[in-house]
Amino acid sequence: MTKLAPLITSFLRDYMPRQRGYSPQTCETYAYCFKLLFDYAAKRLGTRPSLLTIEDLDAPMIVAFLGYIEHDRGNSASTRNVRLAAIKTFMRYVEHKVPSALEQIGRVHAIPAKRHDQKLIRHLTMEEMRAILNVPDLATRFGVRDRAMMHLCFGAGLRVSELVGVLAENLSLRHGATVMVQGKGRKERCLPLWKDTARDLRAWLSIRGLVRVPELFVNAQGDAMTRAGFEYILDKHVRKAAETCTSLRDQNVSPHQLRHSCAVIMLQATHDIRKVALWLGHTDIRTTEVYLRMDPTEKLEAVEAVVPPELRRGRFKAPDALIASLLSDLETPA
């Protein structure tokens, strides 16, 4: 029986960051996936996660785990597929370390990704976004910080990992405000900022003070802001904004919706999907095309540009007197 602990440790701490050059955010996402998997497998087998073996992670166990995160945890099919992809990547690594498990690993690789409906992306209107940004109390330090964080996330269309990872030294507020961010695959991009966004960031920098971390945004303890921390702050302000903006009621606004909202506004302003892809840091423009499906103005322009065929018109004639009288009754105003 092959112990699992040394394999997953070398995979997450050496293979991914050092040999493959994966970003810390990607390593964190993989680590969270395996935390869920090992917790589930240990409970199912009645043991501790540290005592699991690679033989315990056979195809039936993986299929059961995927069903668990969908039905018990309420994850979507797309999240299920992401977890499955992470597991398969680990299994490809194990192939070279434990040749005796090749048959078992082959069965795991044979587990198919699940097809799912591709719903329209949810986004916020400018009025809803304005209501949220107006909530923080600018007379307090945390109010200034929260406004600057949410404004930058929305105005620059950042992923939450990009937002909390922004370094203070990568923010330039002179001669045209810009921010340098590192996105997926360690790809850097430099984004110009709206004047209002730059104003909020200047206000935050003026009271940020000396902190022990290089990140732009910090929490109450002076440590770098975390993903969970920003999600909590955003949810708090959304619930407050919903008191005056009724369309926000019963909405569960995630940080990624701010990014979607920025993309929709950019598309409506430029009508150029390539510029939106460049702004968001998408490598493949097909990823950005999802915003074309959710923006009705693009479809309306296509409809108006088409000349419909000229059709012969006519009037229906009733086949008998009874139907004619019924039709006349319908046409007579009450």
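Let's start inside the protein: in this predicted model, the largest nonpolar core has 55 residues, and those that touch the most other members are Ile 132, Leu 152, Leu 201, Phe 217, Phe 230 and Leu 248. Helix α7, which covers residues 141–155, gives this core its largest share, 7 residues. In soluble globular proteins, nonpolar side chains tend to be buried together.

Now pick out Leu 152 in the structure. Which residues does Leu 152 touch, leaving aside those up to four places away in sequence? They are Gly 157, Leu 158, Leu 163, Val 179, Leu 193, Thr 197, Leu 201, Leu 216 and Phe 217. Two of these contacts, Leu 201 and Phe 217, are also among the residues that touch the most other members of the core. Another core, of 37 residues, lies apart from the largest one, and its residues include Phe 11, Tyr 30, Tyr 40 and Ile 69.

Ile 132 leads us to another helix. In α6, residues 126–133, Ile 132 is buried along with Glu 128, Met 129, Ala 131 and Leu 133. What covers these buried residues of α6? The cover includes α7, α10 (227–241) and α11 (255–270).

Helix α2 (24–45), helix α8 (160–164) and strand β2 (178–182) each supply at least two of the lining residues. Sorted by class, the lining has 8 nonpolar, 7 polar and 5 charged residues. Why does this pocket lie between domain 1 and domain 2? Residues from both domain 1 (4–110) and domain 2 (126–290) contribute to its lining, so the pocket sits between the two.

Finally, let's visit two loops with backbone angles to look at. Asp 250 lies in the loop between α10 and α11, and its phi is positive, about 65°, although Asp 250 is not a glycine. Is Asp 250 buried or exposed? It counts as exposed because its relative accessibility is 85%, and the cut-off for exposed is over 50%.

His 271 is found in the loop between α11 and α12 (273–280). Its phi is near 55°, again a positive value in a residue other than glycine. With a relative accessibility of 41%, His 271 counts as partly exposed.

Notes:
Residues numbered from 1 in each chain as written. Predicted model: local features only at pLDDT ≥ 70, side-chain atom pairs only at ≥ 80, totals over all residues. Heavy atoms only, no water. Helix = DSSP H or I, 4+ residues; strand = E, 2+ residues; numbered from the N terminus. Nonpolar A, V, L, I, M, F, W, Y, C, P; charged D, E, K, R; others polar. Domains from an automatic or database assignment. Core = buried A, V, L, I, M, F, W, Y, C linked by side-chain atoms within 4.5 Å. Buried < 20%, exposed > 50% of the residue type's maximum accessible area, 1.4 Å probe, protein only. Contact = heavy atoms within 4.5 Å.
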